Amino acid sequence: METILKIRNLTVEVEGKAILRNLDLDIAKNQNLILFGPNGSGKSTLIGAIMGFENYKVTSGTIEFSGKNIIGLTPDQRARLGIGVMFQHPPKIRGIQLKQFIELLSDKSNNSKEKDSLVETLNLSYLLDRDLNVDLSGGEIKRSELFQVLVQRPKLLLLDEPESGVDLENIALMGKALNSYLKRHKLSALIISHTGYILEYIKTKYACVMLEGKVCCHDNPTKIFSEIKSVGYERCKDCRCRSGIKK
Ligand SMILES: Nc1ncnc2c1ncn2[C@@H]1O[C@H](COP(=O)(O)OP(=O)(O)O)[C@@H](O)[C@H]1O
Ligand SMILES: [Mg+2]
């Protein structure tokens, strides 16, 4: 399997505190990986480190994207290489309409038919003239955010809890649009999920759990999720032993 993202021995500090510790992670081309983990385990930090956002200081390790070490590159350079991120809490920007922003973001490979079809599946037509995220509901922000990342046609999508604060109807809209886009363009994705609702739409065999800044317990998503639902993250702590993390 060809690897698109290869992380080795990654330690990341935030405000002088190590949050990710000697983390290893691989994502293959055309693979969708679901990442579970309790609050505060470092999931968003991982996304911040992959994108190179300030505040996330890499103190050791490597992050390779398509065989190229990206540590040291700015977030926009990483985005241009093909990493797209859907923010958990995107900013509101007055004076920029969604449709204007989409024109700036769109990859040349997207034709207008493709964009129109996303507008339709994500039910966004009435939001195109509105200012970016200003006075939008939680579900509207997430749908708009998903549209923005998909039109960039990234090779690797990073989605930080796409279901958080979204009702079931909107999760269904997003899940269906996302699943068909990932399949159609054979993209890779790292999808952080807290509620597991997205699993209904993203059909993948791959999931893992983050605990205390390390990835452990690679397994089938539905299996991991049903164990988390019944015993919390206790069972994952056993996996943590297996992956060599001290209790
Ligand atoms: N800017 C920051 N300043 C201080 N601590 C931070 C900052 N960002 C994250 N952290 C800490 O890093 C840890 C992991 O956070 P995060 O990656 O957001 O976890 P998750 O996304 O898994 O809930 C938490 O203990 C959090 O308080
Ligand atoms: Mg988070």
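Two strands pair if DSSP finds at least two bridges between them. Helices (H or I, at least four residues) and strands (E, at least two) are DSSP runs, numbered from the N terminus. The model is predicted: local features need pLDDT of at least 70, side-chain atom pairs count only at pLDDT 80 or more, and totals for chains, interfaces and linings use all residues. Residues are numbered from 1 along each chain as its sequence is written, and chains are lettered from A and ligands numbered from 1 in the order in which they are written.

An open sheet of six strands has the order E6-E9-E10-E3-E11-E12, with mixed pairing. Strands E6 (83-86) and E12 (214-219) stand at the edges with a single partner strand each, so one side of each has no neighbour in the sheet. Strand E3 (residues 32-36) runs parallel to strand E11 (residues 206-211), and four bridges join them. Ile34 has Ala207 as its bridge partner in E11.

Angles run from 0 to 180 degrees between N-to-C directions, with axes fitted as lines to C-alpha atoms, for helices over the stretch in contact.

| Helix | Strands touched | Angle |
|---|---|---|
| H1 | E3, E6, E9 (156-160), E10 (188-192), E11 | about 145° with E9 |
| H7 (residues 221-231) | E3, E11, E12 | about 10° with E3 |

Beyond its neighbours within four places in sequence, Ile191 is in contact with residues including Asn32, Ile34 and Leu35.

How values were computed:
Contact = placed C-beta atoms within 7 Å.
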